[in-house]
Amino acid sequence: MCSIKHHRSANHRNLRHLFSTATATAITSPSPHRLSDPLLVDKAHTILKRYPIQQLNSLSSHFTSQTASHLLIKTQFDQTLTLKFLNWAHNHTFFDAEPKCVALHILTRFKLYKTAQSLAEDLVSKYSDPAVGSSSIFECLKSTYHLCNSSSAVFDLLVKSYSNLNMIDKALLTINLSKSSGFVPGVLSFNSVLDAIFRSKESVAKAEELYGEMIRSHVSPNVYSFNILIRGFCRDGKLEKALGFFNEMERTGCSPNVVTFNTLVDAYCKVGKIDEAFKLFELMAQRELRPNLITYNAVINGLCRLGRMKDTKRVVEEMESKGLVPDKVTYNTLVNGYCMEGNVHQALVLHSEMVQKGVTPNVITYTALINSMCRAGNLNRAMDFMDQMRVRGLHPNEITYTTFVDGFSKQGFLVEAYGVLKEMTECGFSPSVVTYNSIINGYCMLGRMDGALGVVRDMEVKGLTPDVVSYSTLLTGFCRNLDLDKAFQLKQEMINKGIVLDVITYSSLIQGLCEQRRLNEACELFQEMLSSGLPPDEFTYTTLINGFCIEGNVKKALHLHDEMIKKGFLPDVVSYSVLINGLSKQARSREAKQLLFRLLYEGSVPLDVTYDILMGHCSNSEFKSVVALIKSFCMKGLMKEADEVFQSMIKKSWKPDEAAYNVIIHGHCRGGNVSKALGLYKEMVDSGFVPNTVSVIALIRALFDEGMNEELGQVIQNVLRSCRLNDAEIAKVLVEINHKEGNMDVVFNVLTEMAKDGLLPNSGKPVVSG
């Protein structure tokens, strides 16, 4: 017993010396009236056991760091007394580093890890001064280790505390001190530092080094170790490295859990590798792991990013069949996906559905809807959503405001755009370069170039640096105004400021030169673009092709066309892409290609073109180009040719999609063949597609003009049935009443407004869940 007392006394003397310069309050010598330490400890212990804790207040002036440590050691096997004392002592100045270290040992032994963690973080944050250092705290814990019958878990706790506070170097030092002192750092220590490295965005190489050290220290990584590594490398964009750790995990016999798979599924989806994500889904089933809501939301997000909105229906149905209920993330992802696709009606249906199911829309939901309305030019409807947002007590964020600034600017309402900008700053948001770029674009569209330049100067005054978009927008504006001198001055200014020119910059200048018949200069600029390592896009090629054709140099135009295809770009609708691309897969004879170019530049259609043969040489990946060809024929009123291409699709066993149907129905309505349009409409509906608003209103108007009242009534009823939004009820009644009374002008106006407001389905297959 005496040796133990001596050991304790020696330890406490060492601890007092160790922290005498580090603690916030110096330990002073006892006053003549202060109780001796053993008596004070005994008296405090009696009060803790028998009396209300407040009675300790009478002794607080006598307490020192040493007293608190002695009392904790005396009560260390009684959890209730220990916690009672800690609750009383934690705000007193005597409760400094020494008693805190003692308390950490005791709390860790009691497995009160949450309380211990909080105390440890308080300790390392208050004594983070370099004069104290992690080694001092470590030595304090080490010195009291045997007094408290402790375990090495207390050092893991210390490492975790440093890690949580991003003191990574001190965490690593503590690991090394533990090892050199004969303590074995646990997997918790390594996991917490690994997590901190990724969280603080330090070099991922540091995480790899630590993993290597972990293996060399014979500490076996667990599922949490691998999950931290996989998540960290995925977030850093190093998916292959993350997959390497997944394979390492399998090799070492550590079973991945749902979190592991969720991380990889999400990473695959974010880089567009949705098929790989689905393979992981299958692997989860093989391992008898059930995907959770996070898994499904990641896949839905991946599909939305790729524009595969039809496929989201199957995923949502599967999710619901397994008892998982779509949450705010699910709905927000789908609403945003449909908005990006331009299917505002379906986005509104989902918005209505989430409200009915008690899932409250948030700022993200409304910002997606507002953005879609602004892009459609329907600012009134966008403002309605802003009002709904505010009624729900939601506040616009920076993206919401920027969306409105962009929407108003694009329509030339600069006064309103500046009004939004003013409100944005008053609400504490700083307009970004993106926000100002929208206003620059608004000025340029109005041809007010001085105003646009003024915005750039204003940005610079406010400390914002105009980016390549700012300058490219200005440059395009000058080109549009035929002021190429100013445009080239801006190009030089960009170079002087170190701003790298992009494709839009070059393409705008090339277009400006082509429009002024300065083709040689355009070609020189094209070569400069190639020399700088910047690949041209479809717009660049189309601009030059058009320029050469206008000059009558079809040979050069064909050369550029071939080069365009070789680089993976399909010519657009104007170039009758499918016919040109189909021929290029055959002999690619000059005569055939020149003949096809005459389709564009002379408007003539050769009688000997066999469309189904040409179509047979086009792969499934060119399906969109087939629709583009149909559209181009319809635009020129060549409906016989459009029908032949449409039939060729069917012969090739390509099922026409909603885009093909909409284009050809609209074409026949414009061409006056209403019966043909109506037949295609019925075929489309029978195939499960919903016609878009443009084609259906064109069909209604054509049926009315032809006096086909019975068919007209059927189409109108189909349209109204397809609309399932409560917001549309008044409009539906107006359509029905005016149709019965023969007021078709009102019917057209109401249907057009419904379409603008997103109240009518905008093509596709119905995909409403529930």
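**Close-up 1. Packing of helix α3 against helix α5 in the predicted model.** Helix α3 spans residues 65-74 and helix α5 spans residues 97-109. Their axes lie 8 Å apart and form an angle of about 15°. Angles under 35 degrees count as roughly parallel, and α3 and α5 are therefore roughly parallel to each other. The crossing of α3 and α5 is left-handed.

**Close-up 2. Residues in the contact of α3 with α5.** From α3, the contact residues are S65, Q66, A68, S69, L72 and I73. They meet E98, P99, V102, A103 and I106 of α5. By class, the residues of this contact of α3 with α5 comprise seven nonpolar, three polar and one charged.

**Close-up 3. Crossing of helix α13 and helix α14 in the predicted model.** Helix α13 covers residues 239-251, and helix α14 covers residues 258-270. The two axes cross at roughly 155° and come within 11 Å. Angles over 145 degrees count as roughly antiparallel, which makes α13 roughly antiparallel to α14. The α13 and α14 crossing is left-handed.

**Close-up 4. Residues in the contact of α13 with α14.** Helix α13 contributes L239, A242, L243, F246 and M249. Helix α14 contributes T260, F261, L264, A267 and Y268. The contact of α13 with α14 has nine nonpolar residues, one polar residue and no charged residues.

Terms used
Residues are numbered from 1 along each chain as its sequence is written. This is a predicted model: local features need pLDDT of at least 70, side-chain atom pairs count only at pLDDT 80 or more; totals for chains, interfaces and linings use all residues. Side-chain values use heavy atoms; hydrogens and water are left out. Axes are lines fitted to C-alpha atoms, for helices over the stretch in contact, and angles run from 0 to 180 degrees between N-to-C directions. Helices (H or I, at least four residues) and strands (E, at least two) are DSSP runs, numbered from the N terminus. Angles under 35 degrees count as roughly parallel, over 145 as roughly antiparallel, 65 to 115 as roughly perpendicular and the rest as oblique. A crossing is left-handed if the near helix is turned anticlockwise from the far one by less than a right angle, and right-handed if clockwise. Contact means heavy atoms within 4.5 Å. Ala, Val, Leu, Ile, Met, Phe, Trp, Tyr, Cys and Pro count as nonpolar, Asp, Glu, Lys and Arg as charged, and the others, Gly among them, as polar.
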